[in-house]
Amino acid sequence: MSETGNRLRKLLESPNFDPQNYVKQLSQQSDGDRDLQEHRQKIQNLADETAQNLKKNVYKNYRQFIETAKEISYLESEMYQLSHILTEQKSIMESITQALLSTDKDETSKEMQAAFPKETEEVKQRTLTSLLEKVEGGKNIMDTPGRHLVYNGDLVEFDVDNMSPIQRVHAFLMNDCLLIATWLPNRRGTVKYKYNALYDLESFAVVNVKDNPPMKDMFKILMFPDSRIFQAENSKIKKEWLEILDETKKNKVTKDKHKKEEEVPTSPRDFEGAVDLLDKLNEYLKDQPVTQRVKELRLKVDERVRQLTEVLVFELSPDRSLRGGPKATRRAVSQLIRLGQSTKACELFLKNRAAAVQTAIRQLRIEGATLLYIHKLCNIFFTSLLETAKEFEMDFAGNTGCYSAFVVWSRSAMRMFVDAFSKQVFDSKESLSTAAECVKVAKEHCQQLTEIGLDLTFTLQSLLVKDIKAGLLSYKDIIMEATKHRNSEEMWRRMNLMTPEALAKLKDEMRSCGMGSFEQYTGDDCWVNLSYTIVAFTKQMMNFLEEGLKLYFPELHMVLLESLREIILVAVQHVDYSLRCEQDPEKKTFIMQNATFLHDTVLPVVERRFEEGVGKPAKQLQDLRKSTRPVRVNPESTTSLV
């Protein structure tokens with residue numbers, strides 16, 4: 001930019017710039033209209049340059065945004081995997097720690113009990129009952145078996161918003177819940193408090209409130225979406241509340257976990273032993289007379305079966321773990337089948353595998369090259385499908401009724417695959433050649449499933465046919481528009497390739513298209529006795545035909561055939577129109593030569609290649625060639641095609 005332009009830019013960019021004063025001074029200093037026009041042009045040039053810079057910055061920022069989004073996607077995938085690994089490691093460490101602690105804890109607790117006998121469950125419940133008699137509306141709290149008092153005391157409740165005292169309360173902490181009761185101003189006999197609220201220990205979190213005089217010795221109880229703040233009498237009592245609340249909550253979680261494990265006749269890692277025990281018991285009860293005792297035992301067995309089924313169902317749930325492939329589910333599936341739950345086992349097995357396949361597809365990184373991504377996608381999906389099918393056949397060999405469920409699941413999984421496939425191949429507007437290569441890869445992988453008697457080729461074709469049809473029609477329209485554009489600029493001149501190398505290259509391209517007789521339209525020099533438009537049309541149409549055959553399904557037969565017919569008609573009609581309108585005898589002869597090449601060389605090759613690729617003749621193309629047969633014409637005549 002010139003020095004004048006730089007000064008103008010600095011002036012316009014200055015924070016104190018005043019447009020009205022600037023225009024006023026400019027009008028006073030200019031000699032006339034010409035100066036104002038020149039200055040206007042300078043400002044316009046500066047505006048154009050600024051707009052161009054803005055476009056470049058937008059494009060640059062857009063590219064950075066795309067790259068950042070890709071990096072975020074990669075990081076998200078890696079963080080997901082890392083989180084999954086850490087969660088599993090944490091679970092393993094907790095299990096080991098719990099096992100070690102439980103051994104020490106059992107020995108220590110025995111010694112402590114011998115030295116300091118604890119209050120019995122009955123004494124604890126009696127203490128709670130006597131205290132709850134002082135609470136109005138708290139009689140039903142003792143209806144829960146095993147509930148006993150852990151800690152209790154007076155607290156003052158404060159308003160969460162303005163931190164002003166609301167009321168005096170008495171809190172009763174039990175082994176599974178927390179009762180809040182308010183003080184009664186007018187006491188009636190032994191009743192001192194009134195029932196206010198009862199919270200399950202798992203329904204709230206306890207948070208320490210930092211001292212901020214005069215607000216001190218407080219703690220908060222969070223129950224989504226509400227919260228309550230209480231103040232203890234002093235810091236020592238506050239500390240006791242926080243510690244005892246935390247310990248009681250942990251004890252409840254541990255107790256619930258142990259209770260669930262103890263309800264099943266064996267640990268989750270010994271499913272076979274549990275089912276063996278149930279089988280032995282059922283075998284024993286089968287020959288016993290139906291007495292009250294036997295009925296009770298049968299009820300208990302049914303309950304144990306239900307509990308074991310729940311544990312096995314949990315083992316097969318997708319939330320449990322998706323690692324290890326289909327073989328990781330074999331033990332749980334086999335035991336569910338032994339328990340007579342083959343339908344449920346089939347359902348859960350397939351749900352687990354669907355989640356695993358979906359996770360694998362979601363974690364697959366989207367690479368720059370579409371074909372590379374499709375290779376990875378097909379390898380992951382079809383390998384998983386093959387492994388699942390083999391494992392299913394092994395697990396459910398004696399349950400033929402489940403095979404229909406697997407076929408339905410396979411089709412559902414194929415829809416999941418096609419969604420990911422189409423999103424990457426067709427929604428991103430890839431070229432027809434790239435789409436054809438991707439579809440070819442998918443068809444080859446799908447063919448591998450026939451090794452185990454599973455043929456999903458028709459399902460794959462039916463799911464892809466809509467997108468492929470849209471791709472063919474779109475590319476057909478592009479070719480027709482390009483041909484019409486070339487036709488509009490047609491000068492009907494011979495092609496001059498300038499160098500022998502360029503001519504040799506063109507010959508190779510035409511031979512690869514199947515045009516063996518192209519040699520007769522070339523000479524010793526670098527000239528070709530055909531129009532550039534006809535040669536370009538031939539290469540483009542043959543490329544469309546080859547890619548269309550790679551994408552071919554029986555459902556697309558008429559789509560491909562009609563597309564070829566429409567493309568050919570554009571070229572044929574243009575040649576026909578040129579023959580009728582051209583007045584120059586020499587050019588008319590040259591046009592006739594191009595028409596002969598189109599009719600006698602190109603169209604037969606298209607028909608033959610279509611029939612080879614599809615397996616049946618293209619009658620519509622044959623009829624088109626017959627209806628456009630060129631005839632020998634007098635250069636002065638206007639008759640061209642019949």
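Glu509 is partly exposed, with a relative accessible area of 28%, where buried stands for under 20% relative accessible area, exposed for over 50%, and partly exposed for the range in between (1.4 Å probe, protein chains only). Glu509 and Lys539 form a salt bridge whose closest N and O atoms are 3.1 Å apart; the term covers a side-chain nitrogen of Lys or Arg within 4 Å of a carboxyl oxygen of Asp or Glu. This pair links distant parts of the chain, with Glu509 in helix α14 and Lys539 in helix α15, 30 residues apart. Helices (H or I, at least four residues) and strands (E, at least two) are DSSP runs, numbered from the N terminus. Salt bridges that share partners also join Glu437, Glu547 and Lys550 into one network.

A word on the basis of these values is in order. The model is predicted, and local features need pLDDT of at least 70, side-chain atom pairs count only at pLDDT 80 or more, and totals for chains, interfaces and linings use all residues. Residues are numbered from 1 along each chain as its sequence is written, and side-chain values use heavy atoms, with hydrogens and water left out.

Side chains of opposite charge can pair when their charged atoms come close. By the rule above, the count comes to 16 salt bridges. One of them joins Arg511 to Asp508, with the closest N and O atoms 2.4 Å apart. Arg511 and Asp508 are three residues apart in helix α14, which means that about one helical turn separates them. Arg511 is partly exposed at 44% relative accessible area, and Asp508 is partly exposed at 43%. A further salt bridge is found between Glu347 and Lys351 (3.3 Å, N to O). Glu347 and Lys351 are four residues apart in helix α9 (residues 342-363), so about one helical turn lies between them. Glu347 is partly exposed, with 40% relative accessibility, and Lys351 is partly exposed, with 46%.

Turning to the aromatic residues, a pair of rings is described by the distance of the centres and the angle of the planes. Rings of Phe, Tyr and Trp (its six-membered ring) pair if their centres lie within 6.5 Å; planes under 30 degrees apart count as stacked, over 60 as edge-to-face and the rest as tilted. The whole structure holds 17 aromatic pairs. In one of them, the ring centres of Tyr475 and Phe544 are 6.1 Å apart and the planes meet at 20°, so this pair is stacked. Tyr475 lies in helix α13 (residues 457-488) and Phe544 in helix α15 (residues 532-550), so the pair ties together parts that are 69 residues apart in sequence. Tyr475 is partly exposed at 22% relative accessible area, while Phe544 is buried at 0%. Another pair, Tyr521 with Phe597, is edge-to-face, at 5.0 Å centre to centre and 80° between the planes. Tyr521 belongs to the loop between α14 (500-512) and β10 (527-531), and Phe597 to helix α17 (residues 585-614), so parts 76 residues apart in sequence are tied together. Both Tyr521 and Phe597 are buried. Ring pairs also link Phe381, Phe382, Phe417, Phe421 and Phe426 into a cluster.

Arg168 lies over the face of Trp183, at 3.9 Å from the ring centre. The charged end of Lys249 sits over the ring of Phe204, 4.7 Å from its centre.

Met163 is partly exposed, at 24% relative accessibility. For Asp217 phi is about 60°, and the residue sits in the loop between β6 (205-209) and β7 (218-223). Asp217 is buried, with a relative accessible area of 9%.

Cys177 is buried at 2% relative accessible area, and Cys513 is buried at 17%.

Conventions: Lys NZ or Arg CZ within 6 Å of the ring centre and 35° of its normal.
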